[in-house]
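Have the model open beside you as you read.

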Amino acid sequence: MTPAVEHGVADFGPSDFVYLHSDGPGAPAHWGMLLALGDGDPLTLDAVRQRVAQRVGRYELFRIGVRGGRDEAPEIVVADDVDVPAHVTEEHFDGDVAPRVAALLEQSLPQPRPYWHLTLLTSPDSQYVLLKVHHSVSDGIAGAAFSALLADGSDDDLASFDRFATSPRFRVGDPDEDVLTKARMGFEKQWMDGAQGRAWPPLTGYGRRETAVFSASTRELRRVARGHGASVHEFLIAAIGRAVSIAPPASDGPQASNIRVTLPVTLDPEFRHTGNAVAVSLLNLPGDDPDLDSQIAHARSELKLIDEERLGLALAAVDGAPPVEWADMRTIVAESMKRMSPDIHIGINPGFTRVHAVLGREIAELTALSPLIGYSFSVTGLILGNRTTLGIVADPDALPGYPARFVEVLIEVIAAQR
């Protein structure tokens with residue numbers, strides 16, 4: 001592969017533009033990160049805004065927004081400053097935080113303001129912070145830089161975020177043609193192998209969202225995975241497969257025997273970039289196999305194929321592609337997603353942050369929440385220190401009540417292995 005040319009933080013490339021092409025009314029292409037705060041005195045909105053005001057000038061990344069980018073080519077806007085009160089707000093809630101998180105995920109980020117927003121969520125007995133960042137600005141790995149907006153720590157501590165905020169914006173470059181051909185042929189075979197037995201409810205156009213969170217001890221997950229001769233990555237994919245096999249979505253039709261999964265893989269093995277280094281691979285997940293060891297063997301085989309065939313390159317937006325008009329490219333992206341027709345998204349990601357507290361409040365859990373881009377159900381894992389979380393996002397018009405049910409069954413699946 002020819003080395004990628006270095007580009008500035010505000011110099012968007014083809015991989016970043018994909019998420020502008022994918023964005024639309026009812027389907028905002030931002031990801032979320034939910035911080036559950038531990039015990040302590042409640043944070044005030046003024047205190048959170050003051051911390052953000054102190055930090056927002058640290059990186060140009062925090063000032064990048066977009067004008068347009070749907071029907072017309074985007075203009076990348078770097079603001080002179082950030083209107084902190086507009087970007088940091090508070091909402092009060094009672095009971096379960098999930099409905100408030102879902103409602104916030106449904107709301108698009110306004111243009112051309114910097115493409116992120118923080119919401120302090122406060123109830124009588126708990127507090128959370130929800131960060132939303134548009135995927136065109138940053139993938140989840142580089143998104144660790146946004147932790148610097150709130151994190152407790154010295155300048156030296158905050159410098160650990162520099163590699164996600166000041167490194168060159170990622171470009172795929174110009175891959176070797178033989179490697180690219182192999183990846184595309186492998187992708188097509190994977191698509192064909194997963195074409196039969198599909199019955200997962202598709203994404204609707206209503207734009208509603210429903211969320212849930214699964215959390216477990218990372219040490220316990222590793223112990224259970226080792227007991228089955230599996231990595232945590234293999235085990236979690238298999239556990240998801242078993243959970244959906246035991247408790248498929250309610251439907252009048254047949255149960256899916258195969259579920260087409262988009263599995264994100266990074267094209268930057270050093271995890272040192274801004275922008276987007278994530279590409280999509282296809283993984284075929286058995287939807288009617290309740291045997292965990294069978295699911296593990298299948299997951300291992302699929303992950304090996306994805307790695308050896310480098311399937312992530314098959315749809316990667318390479319630099320050397322012929323120029324295409326913006327509107328035409330939007331059509332191409334839409335048709336590509338329509339043909340791929342994924343059912344669900346599964347991402348199992350390492351965590352890249354040393355943040356342990358915000359304004360003196362310990363962070364009890366961090367949960368990643370992905371956008372629904374062509375699929376009706378998303379499971380995004382974050383393995384971070386002693387906790388592993390799965391952020392569940394679903395289209396409730398396709399899968400009413402399913403996130404909570406899925407988490408309930410997944411807990412039972414994992415508990416049965418202890």
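Two strands count as paired when DSSP finds at least two bridges between them. With that in mind, keep in mind too that this is a predicted model.

S10 in turn runs parallel to S13, and seven bridges join the two. One of the residue pairs is Ile346 with Val379, the latter in S13.

These pairings belong to an open sheet of six strands, ordered S7-S14-S13-S10-S8-S9, in which the pairing is mixed. Which strands stand at the edges? They are S7 (210-217) and S9 (278-286), and because each has a single partner strand, one side of each is left without a neighbour in the sheet. From one strand to the next, the twist averages 20°.

Two helices lie across strands of this sheet. Helix H4 (residues 98-106) lies across S7 and S14 (387-394), and its direction is about 120° to that of S7. Helix H10 lies across S8 (258-266) and S9, running at about 150° to S9.

## The sheet from S4 to S11

The model has another open sheet of six strands, with the order S4-S5-S6-S1-S12-S11 and mixed pairing. Its edge strands are S4 and S11 (357-358), each of which pairs on one side only. Inside the sheet, S5 and S6 (residues 127-134) are antiparallel partners over seven bridges, and Leu120 has Val129 in S6 as its bridge partner. Helix H2 packs on this sheet, where it touches S4 and S5, and its direction makes about 155° with that of S4.

| Strand pair | Sense | Bridges |
|---|---|---|
| S10 and S13 | parallel | seven |
| S5 and S6 | antiparallel | seven |

## Helix H2 and its two sides

Helix H2 spans residues 45-55, and its buried residues include Leu45, Val48, Arg51, Val52 and Arg55. Seen down the helix axis, the buried residues of H2 fall within an arc of 130°, so they line one face. The face turned away from that buried side carries Asp46, Gln50 and Gln54, which are exposed. What covers the buried residues? Among the covering elements are helix H3 (84-87), strand S4 (88-92), strand S5 (116-122) and helix H5 (155-158).

## Helix against helix

Now back to H10, which also has a helix partner. H7 (residues 177-193) and H10 (residues 292-309) have axes 9 Å apart and pack at an angle of about 155°. That angle makes H7 roughly antiparallel to H10, since angles over 145 degrees count as such. From H7, Lys182, Ala183, Gly186 and Gln190 meet Glu302, Leu305, Glu308 and Glu309 of H10. By class, this contact has two nonpolar, two polar and four charged residues.

Is Gln190 buried or exposed? Gln190 is buried, with a relative accessible area of 2%. Apart from its neighbours within four places in sequence, Gln190 is in contact with Leu282, Leu283, Asn284, Glu302, Leu305 and Leu311.

H8 (residues 218-227) and H9 (residues 232-246) form another helix pair: their axes come within 9 Å and cross at roughly 85°. That makes H8 roughly perpendicular to H9. Leu221, Arg222, Val224 and Ala225 in H8 meet Val232, Phe235 and Leu236 in H9. By class, the contact of H8 with H9 has six nonpolar, no polar and one charged residues.

## A last stop at Val77

Val77 sits in strand S3 (residues 75-78). With a relative accessibility of 18%, Val77 counts as buried. Setting aside neighbours within four places in sequence, its contacts are Arg63, Ile64, Gly65, Arg67 and Pro112. Val77 and Gly38 are 39 residues apart in sequence, and their C-alpha atoms are 36 Å apart in space.

Note on methods
Residues are numbered from 1 along each chain as its sequence is written. This is a predicted model: local features need pLDDT of at least 70, side-chain atom pairs count only at pLDDT 80 or more; totals for chains, interfaces and linings use all residues. Side-chain values use heavy atoms; hydrogens and water are left out. Axes are lines fitted to C-alpha atoms, for helices over the stretch in contact, and angles run from 0 to 180 degrees between N-to-C directions. Helices (H or I, at least four residues) and strands (E, at least two) are DSSP runs, numbered from the N terminus. Angles under 35 degrees count as roughly parallel, over 145 as roughly antiparallel, 65 to 115 as roughly perpendicular and the rest as oblique. Contact means heavy atoms within 4.5 Å. Ala, Val, Leu, Ile, Met, Phe, Trp, Tyr, Cys and Pro count as nonpolar, Asp, Glu, Lys and Arg as charged, and the others, Gly among them, as polar. Buried means under 20% relative accessible area, exposed over 50%, partly exposed in between (1.4 Å probe, protein chains only). The arc is that of the directions from the helix axis to the C-beta atoms.
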